[in-house]
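Open the model in your viewer and keep the selection tool at hand. The tour goes from the meeting of the chains to single residues.

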Amino acid sequence: MNFPMDGGILAVLVAGFLFGYFLEVSGLGSPRKLTAQFTLRDWTVFKVMFTAIVVAATGLWLFDVVGMLRLDALKIPTPFFWAMAVGGALLGAGMAIGGYCPGTSVVGLFTGRLDALFFMVGMLIGTMVFAESFDALQGFYLAAQGPKGLTLAGLTGLPSWLILVLLAALAEAGFRLGAWFEHRRGGMISATELSK
Amino acid sequence: MNDRQAREFWPPLAAGIGLGLTLMGMFLMTGHGLGANGFFTRLVVWLGDMAHPAWVDANAYLKPYLSKGHPLNEWISWEIAGVSMGALVGSLTARRFQWKIERGAHMGMGTRLALALGGGVLTGFGAPLARGCTSGLGLSGGATLAVAAFVFLISFFAAGLLLSALTRRVWQ
């Protein structure tokens with residue numbers, strides 16, 4: 001088999017379904033749970049995201065090692081330092097204030113949370129404001145561009161397997177630190193608590 | 001009200017492994033990862049083109065999307081349809097589906113909706129600026145070990161922690 005394949009709508013629909021399902025079963029459709037990451041009471045956001053990154057990155061690396069995947073054929077984002085740092089900060093602020101990010105707002109709405117609709121309307125307004133300011137933002141949007149598709153291995157000169165080991169160690173440290181905070185604050189936010 | 005209790009959430013490790021395998025599968029099948037915000041950009045273009053086509057046509061950011069036609073021609077729309085169904089099936093089968101406006105214990109209804117709208121505006125501005133969102137850039141870029149993803153994620157968590165010092169009282 002040669003990956004990546006040119007999968008059609010069905011592949012995308014199935015992957016989307018599983019994406020929504022795994023976000024829902026971990027409780028990431030709940031704005032109370034999502035905002036609790038930033039108060040350090042509930043570390044589900046960090047745990048789920050970091051586990052997924054380590055699992056997917058390791059799997060893709062293995063497919064590449066055995067020669068079944070061309071990693072360079074995958075979409076790897078190019079860094080634009082300032083736009084991505086400020087954009088990331090705006091999404092962090094957006095989640096701390098509004099309780100969602102774009103993907104989790106969809107999960108929120110389809111688990112019955114009507115506040116997610118207001119978040120979505122806000123997103124449409126925000127994107128219109130961005131589009132309207134696009135010309136003025138050009139310099140900032142393109143500032144500090146890094147090498148095309150720069151990876152951590154490319155940046156540091158370390159082999160990919162070592163980067164993966166370090167990321168897994170970071171995830172493990174996050175799980176431990178998270179468990180310590182959660183223990184002090186009465187545990188993760190449960191489905192029972194949210195359904196009251 | 002409901003005598004049948006909501007089932008508990010999965011442990012984050014198990015859900016994270018499932019999500020990671022899904023993300024890997026998406027890359028293998030399509031060459032790109034999962035996303036979300038791109039759908040809302042398409043929605044702005046689509047609604048804008050119906051309400052005020054001249055505005056979209058004159059806008060340097062939105063105009064390139066016009067050539068792609070209807071949002072249903074785009075993979076991201078089908079992915080979001082899948083996300084919606086997955087969330088619905090997950091919550092219904094575990095009795096977690098509940099119509100509500102979720103808010104902090106000491107948060108009024110109006111405050112909650114204003115915060116949702118305001119947070120949405122920041123997000124709608126920030127995601128196209130960053131060229132991706134938590135899933136499209138953070139999660140999917142992270143799976144390719146892209147530097148861009150980690151710049152985004154570090155900034156995302158740092159800003160969330162800082163802002164939360166102000167908003168934690170209304171949420172908790």
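Two residues are in contact if their C-beta atoms, placed from the backbone, lie within 7 Å. Keep that in mind for the first stop.

This is a predicted model, in which local features need pLDDT of at least 70, side-chain atom pairs count only at pLDDT 80 or more, and totals for chains, interfaces and linings use all residues. Residues are numbered from 1 along each chain as its sequence is written, while chains are lettered from A and ligands numbered from 1 in the order in which they are written.

**Stop 1: where the chains meet**

Select both chains. The contact takes 111 residues from chain A and 111 residues from chain B. Which helix of chain A gives the most to the side that touches chain B? Select residues 115-142 of chain A: this is helix α6, and it gives 18 residues. Helices here are DSSP runs (H or I, at least four residues), strands likewise (E, at least two), and both are numbered from the N terminus.

Ala, Val, Leu, Ile, Met, Phe, Trp, Tyr, Cys and Pro count as nonpolar; Asp, Glu, Lys and Arg count as charged; the others, Gly among them, count as polar. The predictor gives the complex an ipTM of 0.97 and a pTM of 0.96.

**Stop 2: a helix pair across the chains**

Turn the view to look through the pair. α4(A) passes α8(B) in a right-handed crossing. A crossing is right-handed if the near helix is turned clockwise from the far one by less than a right angle, and left-handed if anticlockwise. The contact of α4(A) with α8(B) holds 18 nonpolar and 7 polar residues, and no charged ones.

**Stop 3: chain A alone**

Chain A has 9 helices and 0 strands. Its C-alpha trace spans about 50 × 45 × 35 Å along the principal axes. Of its 196 residues, 51% are buried. Buried means that 20 or more other C-beta atoms lie within 10 Å of the residue's own; exposed means 12 or fewer, and partly exposed is in between, with C-beta atoms placed from the backbone.

Go to helix α7, residues 152-156, and pick T156(A). Is T156(A) buried or exposed? T156(A) counts as exposed because it has 12 C-beta neighbours inside 10 Å. Next, draw a distance to V106(A), 50 residues away along the chain: the two C-alpha atoms are separated by 36 Å.

G186(A) takes a positive phi of about 85°.

**Stop 4: chain B alone**

Chain B has 8 helices and 0 strands. Its C-alpha trace spans about 55 × 40 × 35 Å along the principal axes. Buried residues make up 57% of its 172 residues. Colour by pLDDT, the predictor's confidence in each residue, from 0 to 100. Chain B averages 94, and 98% of the residues score at least 70.

Finish at helix α2, residues 37-51 of chain B. Among its buried residues are F39(B), F40(B), R42(B) and G48(B).

Terms used. The expected span of a helix is 1.5 Å times one less than its number of residues.
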